[in-house]
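Visitor: I would like a close look at one part of this chain. Please keep it brisk and walk me through it residue by residue.

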Amino acid sequence: MIDDKAGDAQVIVVTTRASEATLDEGDVEALRRQHVNIVDVIAVDSKTNLGIADLKNMMVAAALNEAKLPRTSTEVPLNFAKLSDHLTKTLTRDGGPFSLSYEEFVTLANSKFSIDGESSLNAKELFCFWGMLFELSNGDLVLNPQQLADVLACVFTKEPSKIARMGDIANGIMWHRDSVLEAIWGSRYPKHLWSFDSAVSPSKLTSTLPPFVNL
């Protein structure tokens, strides 16, 4: 399949159960001769973690090999890197804001890192492309996208009686109550986003369930 669809792909061959069996060097060399784009061969074991750390190092090395994969690294201005570091290490620590408006992002970039408006737009698009930020439909930038994904994985209802009716299948159905959500989010619970009557609608973070879904 690799020969047919991605003949130039850099391939790391991974075998399993490394604690129970060893790779035959003759087989490995024969495989390398047949497929010249194999960059590494390694055996791992999911039970003992044998070889996992080495596999991670191999993947990083392969990804950063610009001679083979020239588009896996991007040169950016130093102040972009400083802004990125500030966002990930300073603003995302406990007690920091859940999101920034685009205007707040531009102001931060300009005041602390001397990044002009046009360059701020480039930085925002780059950070979103990398998955460091997530842009909501209203333009706000979520500083920790994984946190948003974790909460959106739940289905919320405003009616506790509906949860009671669900019985054994209530897992995953949550009563929309500040104390419940604060237990998930901690001190970073963004009440302004999760109010069913205010900013949620313009951000399009919730939607009405189809009428055939009986909560």
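Visitor: In which loop is Arg 17 found?

Guide: Keep in mind that this is a predicted model. Arg 17 is found in the loop between β1 (11–15) and α2 (25–34). Its relative accessibility is 56%, so Arg 17 counts as exposed. The backbone there deserves a look. Most residues other than glycine have a negative phi. Arg 17 is not a glycine, yet its phi is positive, about 55°.

Asn 49 is another case. Asn 49 also has a positive phi, near 70°, and is a residue other than glycine. This residue sits in the loop between β2 (38–43) and α3 (52–63). Asn 49 counts as exposed because its relative accessibility is 52%.

Now step back to the whole chain. It has 11 helices and seven strands. There are 215 residues, and buried ones make up 31% of them. Take the contacts between residues with a separation of 6 or more. Of these, 54% join residues 24 or more positions apart.

What does Ser 120 touch, leaving out residues up to four places away in sequence? The list is Tyr 102, Phe 105, Val 106, Ala 109 and Ile 115.

How do the two helices lie? Helix α5 covers residues 102–113, and it packs against α6 at an angle of about 115°. The axes of α5 and α6 are 10 Å apart. That angle makes α5 roughly perpendicular to α6. The crossing of α5 and α6 is right-handed.

Helix α4 also packs on α6. The angle between α4 and α6 is about 55°, and their axes are 11 Å apart. These two helices are therefore oblique to each other. Their crossing is right-handed. From α4 come Phe 80, Leu 83, Ser 84 and Leu 87. They meet Ser 119, Asn 122, Ala 123, Leu 126 and Phe 127 in α6. The contact of α4 with α6 has six nonpolar residues, three polar and no charged ones.

The remaining pair is α4 with α5. Their axes come within 11 Å and cross at roughly 115°. The crossing of α4 and α5 is right-handed. On α4, the residues are Asn 79, Lys 82, Leu 83, His 86, Leu 87 and Leu 91. On α5, they are Phe 105, Leu 108, Ala 109, Lys 112 and Phe 113. By class, that contact splits into seven nonpolar, two polar and two charged residues.

Look again at Phe 105 and Ala 109 in α5. They meet α4 residues.

Leu 91 and Leu 143 are 52 residues apart along the chain, but their C-alpha atoms are separated by 7.5 Å.

Finally, a sheet. Three strands form an open sheet in the order β3-β5-β4, with antiparallel pairing. The edge strands are β3 (99–100) and β4 (134–135), and each pairs on one side only. Strand β5 spans residues 141–142, and two bridges join it to β3. In one of these strands, β3, sits Ser 99; its bridge partner in β5 is Val 142. In general, strands of a sheet pair through backbone hydrogen bonds.

Technical notes:
Residues are numbered from 1 along each chain as its sequence is written. This is a predicted model: local features need pLDDT of at least 70, side-chain atom pairs count only at pLDDT 80 or more; totals for chains, interfaces and linings use all residues. Side-chain values use heavy atoms; hydrogens and water are left out. Contact means heavy atoms within 4.5 Å. Two strands pair if DSSP finds at least two bridges between them. Helices (H or I, at least four residues) and strands (E, at least two) are DSSP runs, numbered from the N terminus. Axes are lines fitted to C-alpha atoms, for helices over the stretch in contact, and angles run from 0 to 180 degrees between N-to-C directions. Angles under 35 degrees count as roughly parallel, over 145 as roughly antiparallel, 65 to 115 as roughly perpendicular and the rest as oblique. A crossing is left-handed if the near helix is turned anticlockwise from the far one by less than a right angle, and right-handed if clockwise. Buried means under 20% relative accessible area, exposed over 50%, partly exposed in between (1.4 Å probe, protein chains only). Ala, Val, Leu, Ile, Met, Phe, Trp, Tyr, Cys and Pro count as nonpolar, Asp, Glu, Lys and Arg as charged, and the others, Gly among them, as polar.
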